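Hi,

Here is the structure I promised to pass on. Have a look at it first, and then read my notes below.

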Amino acid sequence: MDDARQRAEEKETCPRCRLSRHQGVDALRTNSDVIEEIKSRIDIVDVVSRVVDLKKAGRNYKGLCPFHNEKTPSFVVSEEKQIFTCFGCGKTGDVIEFEKEYHGIDFMTAVEKLADECGVKITRRGGSEKERAALLEINRQAARFFYINMRSRPNPGMEYMRRRGLNQETMHAFGIGYADGSWDSLLKYLKQRGFEEEQMLQLGLVSKSRGSYYDKFRDRVIFPIRSTQNKVIGFGGRAIGDAMPKYLNSSESSIFKKKSNLYDLSLAKNAIGSQDCAILVEGYMDVIALHQSGIENAAASLGTALTEQQAALLKRYTKNVVLCYDADAAGQAAALRGMDILHRAGIKVRVMHVTDGKDPDEFIKKRGRAAFDALVDAALPFAEYKLKVLQTRFDLGETEGRIGFLEEAARVLNQLSPVEADIYIKKLSADYGISEQALHAQQEIRKSTPRTGRVRRGRTQQQSGLKPPEKSVLKVLMTDAAYLEQEPGIEKVFTSPAGVRIYQAIAAMHREGVPVTAVTCAERLSEEDAQMLRDALDGVLLGSVDQVLSDCLAAAEESRLREEEEKIIARLSLADEDDNDEEINRLTRRLMEVQKELTTLKAR
C-alpha cells in the first residue's frame with residue numbers, strides 16, 4: 001500500500017463499515033443465508049395471526065399473548081421489524097422463535113417447518129456459519145478498499161461522480177468507491193490480509209484465466225450492495241469509459257442472492273416505514289439522486305425483473321409501493337410485470353413514468369423535487385394503469401379490437417375485489433360504450449376458464465412458467481423421447497412460450513439422433529428455460545406413462561375448446577352492436593358444437 005492510501009486509511013473509514021480492521025471474523029457472525037431467505041419470504045404477521053387475533057395498533061399489531069393468560073392485550077407484533085414482544089411475560093423474538101415457542105419444537109424443526117411452507121430448500125453443510133462470516137469480512141474489506149481508493153488521490157471515479165452532481169455527503173452515505181485500472185490492486189490488498197483467491201473468486205471480486213487471478217472490477221465506480229442488516233453482500237460497478245458491460249455486478253454467492261435483495265433498502269427502510277410508502281426505481285443512480293434530493297424512501301432491484309422475494313421483503317416495511325420506471329416500452333413492460341408481483345403479494349401498487357428525461361436521476365436534475373413529487377401523487381393505481389395500457393394495444397373502433405380489449409379487461413377485473421371490479425365495470429362501460437352486462441359476462445367467463453397462455457392478437461405480454469400438463473409430458477419425454485413419434489398431437493400440450501421452446505429443442509434433438517437428457521437439452525436452452533426444465537423434472541410421475549399422456553392430451557384439447565368457447569361468447573356479447581343475424585346464428589351453432597365436445601370430453 002502506498003503512502004497516500006495508508007494516510008487515507010488511517011484518517012477515513014466508510015461510515016457503513018464500522019468494524020475496525022483489527023476485529024476478527026467472529027465479530028461478523030450472523031444467521032445463515034437459508035434462514036435469511038426464509039425470513040424474506042415469510043411475514044411474521046401472517047404466521048402469528050393464524051393463532052392470535054391481531055388488531056392494527058398504529059404501525060404494529062396487538063393481541064392477547066399466546067404464552068400466558070391475560071385479559072388486556074400486551075402482545076405486540078412489528079411488521080416492520082419482523083419481531084414479536086410480549087410486555088406481560090417478556091417473551092420476544094423473530095418468526096422462527098415464535099414457531100419454536102408456540103409449538104414447543106426445537107430451533108431446527110421450526111426452521112424446517114417454515115422452510116417447507118415457503119419453498120426454501122435446506123442444504124446442511126458443516127461450518128456454513130464460519131464460511132459466511134469469512135465471506136462477509138472479505139466484502140467488508142473490499143468495500144473499504146474501494147472507498148479509500150475514491151478519496152486517496154484524484155481519479156476518474158471522483159470526477160465522474162461530480163459530473164453526475166453527487167456531493168460528498170451523499171457519496172459518504174452510500175459508501176461509493178472506485179476500482180482503479182490495475183489488474184491486481186484489490187487482489188493484492190486482500191491477499192495481504194490473509195484471504196484466499198478462491199474465496200475472492202466465489203464472491204466475484206476476481207476472475208480467473210489460465211490459472212491466474214485478476215481483479216474483476218477495473219476503472220469503475222463501485223456501489224456496495226448491502227443486506228437489510230447493513231452487511232456488504234455484493235457490489236455493482238459502473239464503467240467510467242466505454243467498457244462493456246456498462247454495469248457489472250458481483251456473481252451470485254452464498255451471501256448474495258439478487259432476487260432476494262434490493263438496493264439500497266438498508267438505507268431507505270426507516271424512511272419507507274415512517275412514510276408508509278416505497279418508491280421502486282430501476283438503477284443505483286436513480287436511488288442515489290432521489291436520496292440527495294431528500295426523497296429517502298427509494299430502492300431498486302438489482303439489474304433483474306422484480307421478484308416475489310423482493311416483494312415480500314418490501315412488504316415488511318410498507319404495503320404501499322410506487323413503481324417509477326422509464327416511459328419507454330421496456331419501462332412499461334417492467335411496470336406491468338412488477339405490479340402483478342406486488343399485487344399478488346398484497347401490496348397496493350401504483351405506477352408513474354418519468355416523461356421529461358430518461359430516468360428519475362435526469363428528471364430530478366432538470367425539474368427538481370417538487371415536479372417529481374407531483375408525478376408520484378399522480379401515479380395510477382393498479383387497475384387504472386393496466387386498462388390504460390390495454391387501451392393503446394387495441395383498435396377500439398373495430399369489432400375485433402373491442403373483443404380483444406374486452407377479454408383482456410376481464411383479466412384485470414378478476415384481480416380486483418368485487419367492489420373495485422364493479423366501479424371499473426361502470427367506468428369501462430361509460431368510457432368505451434361496452435354494456436355493463438357484457439363486461440360482467442366476460443368477467444364470469446374468465447373466473448371459470450383457465451388462461452391458455454397462447455399469444456393472440458399481437459399481445460406482447462405472455463404467461464411465464466410451465467403448466468402442470470407440460471411438466472408431466474416433459475418427464476415422459478426424458479424417460480423415452482420415442483413418445484414423440486408414438487403419440488400424435490403431443491406437441492399440442494405445449495402452449496406456454498417456455499414450453500414451446502423446450503419442446504422444440506427436444507424434438508430437434510430426437511430428429512438429429514442426439515440422446516435426450518436434461519443435461520443435453522439444457523445446453524440448447526437459455527438459462528431461464530433450462531431452470532424451468534430442471535424444476536419440471538423434480539419429482540415423479542403420478543400414474544403410468546400411458547395414463548399421464550392420455551390425461552395431458554385431454555387437458556390440452558379441453559384448453560383449446562375452452563379458448564374457442566371464450567372467443568365465441570365474447571363476440572356474441574357484442575352482437576347487438578354488429579347487428580348481423582347470419583353471423584349470430586353461425587356463432588351460436590358453433591358454440592353449441594364446442595360445448596357438446598366439452599361435455600363429451602369430460603364424460604370420458
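The protein chain has 28 helices and 16 strands; both are DSSP runs numbered from the N terminus, helices being H or I with at least four residues and strands being E with at least two. Bear in mind that this is a predicted model, where local features need pLDDT of at least 70 and side-chain atom pairs count only at pLDDT 80 or more, while totals for chains, interfaces and linings use all residues. Residues are numbered from 1 along each chain as its sequence is written, and side-chain values use heavy atoms, with hydrogens and water left out.

Some overall figures to begin with. Of the 604 residues in the protein chain, 50% are buried (under 20% relative accessible area; exposed is over 50% and partly exposed in between, with a 1.4 Å probe and protein chains only). The accessible surface comes to about 28800 Å², and 49% of that belongs to carbon and sulfur atoms (Shrake-Rupley method, 1.4 Å probe; for residues, only the protein chains shown count as cover). Among contacts (heavy atoms within 4.5 Å) with a separation of 6 or more, 64% are between residues 24 or more positions apart.

Now the strands. Two of them pair if DSSP finds at least two bridges between them. Strand β14 (residues 320-326) has six of its seven residues buried, so the rest of the structure largely encloses it. β14 pairs in the parallel sense with β12 (residues 278-281) over three bridges, and Ala-278 stands opposite Val-321 in β14. β14 also runs parallel to β15 (residues 348-354), with seven bridges joining the two; here Val-322 faces Arg-350 in β15.

Elsewhere, five strands make an open antiparallel sheet in the order β1-β2-β3-β4-β5. β1 (55-57) and β5 (92-93) are at the edges with a single partner strand each, so one side of each has no neighbour in the sheet. Three bridges hold the antiparallel pairing of β1 with β2 (residues 60-63), and Lys-55 has Lys-62 in β2 as its bridge partner.

Thr-307 lies between β13 (298-300) and α13 (308-315), and it counts as buried because its relative accessibility is 15%. Its side chain reaches the backbone oxygen of Lys-259 at 2.5 Å. Leaving out residues up to four places away in sequence, Thr-307 touches Lys-259 and Ile-341.

Then there is helix α23 (residues 497-512). At 1.5 Å a residue its 16 residues should span 22 Å, and the end C-alpha atoms are 23 Å apart, which agrees (the expected span is 1.5 Å times one less than the number of residues). Its buried residues include Ile-502, Tyr-503 and Met-509, and the buried residues of α23 pack against α21 (468-479), α22 (483-486), α24 (518-522) and α25 (527-536). After α23 comes Gly-513, with a positive phi near 80 degrees.

Last, the nonpolar cores (sets of buried Ala, Val, Leu, Ile, Met, Phe, Trp, Tyr and Cys residues joined through side-chain atoms within 4.5 Å). The largest has 62 residues, and those with the most contacts inside it include Met-161, Phe-223 and Phe-372. Helix α6 (residues 128-152) gives the largest share of this core, eight residues. Apart from it lies another core of 46 residues, including Tyr-317, Tyr-385, Leu-406 and Ala-438.

Cheers

How values were computed. A polar contact is a pair of N or O atoms within 3.5 Å; within protein, one must be able to donate a hydrogen and the other to accept it, and residues adjacent in sequence count only if both atoms are side-chain atoms.
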